[in-house]
Amino acid sequence: MALSEHDPPGAGERRDPAEIPLRAAVFDLDGTLVDTEPRNRAMWQRLFQTHGVPHDEALIASFAGRRGVEVLAELAHLFPGRAVDELFAQVVSYGTAPDMPPVAPVPGAVELVRALHGAGVPVAVVTSAQRPYAEALLDGLGILELPAATVTAGDVTTGKPDPEGYLAAAGTLGVPPADAVAFEDAPAGVAAVKAAGMTCVGVTTTQPAQALDGADHLVANLKEVELSPGPVLRVFGGRPRREPPGRGEDEE
């Protein structure tokens, strides 16, 4: 397998897995279950280009994992005379343009969600996207009916990195956050997961490994995660970043 700067240390090697007991699994959507990042970046770039607003890769990357309207509100001064809702509707409209990059499942994502559901582990999705968009992507993956909860941008007051969405998912699933494992590909999402008190598996599909340093474990994609009886997740990616909450050997 060819490696890139996005891959966690040791990617491409089959390591002894970290084993994580869990009662629920929670997934981000864009970049975690489905590789939409090339398309999303192209959509944001087109918005800036259309309005003649200077931008760079760092600015475009700042949208990753966050609600678009919140980032646009912070950047409203770059679009004088334009309402945030108008700008957001405009960028969403670019998604159906025929020249946009295609999307595809993240390797191993569909198989992992189906395995969890089949084993009776409740699954939720927490996304910064709007519900119609999220449901269309999940339907395209063939797993629309599998999550017991889907928390979207319109379901929370404050988006990632605030933990509201992940706490809402845990509440709906009836599982303490500490007993859930969440998967994220963006720094804002990792911060939200950890603030909620969940174990975080960072997926380096869209960001370099160092950008997800707050995650407890790192994988290149979800083929590096397996479900074993227990239920236990076996994570074959990067070494644990730190001991998950409540599982340290020296904790009292």
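Helix α1 gives the largest share of the lining of the largest pocket, 6 residues. The model is predicted, so to speak of local features takes pLDDT of at least 70 and side-chain atom pairs count only at pLDDT 80 or more, while totals for chains, interfaces and linings use all residues. Residues are numbered from 1 along each chain as its sequence is written, and side-chain values use heavy atoms, without hydrogens and water.

**The largest pocket**
- Its lining counts 26 residues, with Asp30, Asn40, Trp44, Ala129 and Tyr133 nearest the centre.
- Two or more lining residues come from each of α1 (37-50), α4 (84-93) and α6 (131-141); helices are DSSP runs of H or I with at least four residues, and strands are E runs of at least two, numbered from the N terminus.
- Lining residues have an atom within 4 Å of a pocket point, a pocket being an open set on a 1 Å grid over the protein atoms alone, where a 1.4 Å probe fits, with protein on both sides within 12 Å along at least five of seven lines.

**Helix α8**
- Among the buried residues of α8 (187-196) are Ala188, Val190 and Ala196, buried meaning under 20% relative accessible area (1.4 Å probe, protein chains only).
- The buried residues of α8 pack against α7 (164-173), β7 (180-184) and β8 (199-203), with contact meaning heavy atoms within 4.5 Å.
- Glycine 197 follows α8 and has a positive phi, near 90°.

**The open sheet**
- Three strands run in the order β1-β11-β10 with antiparallel pairing; strands pair if DSSP finds at least two bridges between them.
- β1 (18-21) and β10 (225-228) are edge strands, each with a single partner, so one side of each lacks a neighbour in the sheet.
- β10 and β11 (232-235) pair over 4 bridges, and leucine 227 has leucine 233 in β11 as its bridge partner.

Technical notes. Buried means under 20% relative accessible area, exposed over 50%, partly exposed in between (1.4 Å probe, protein chains only).
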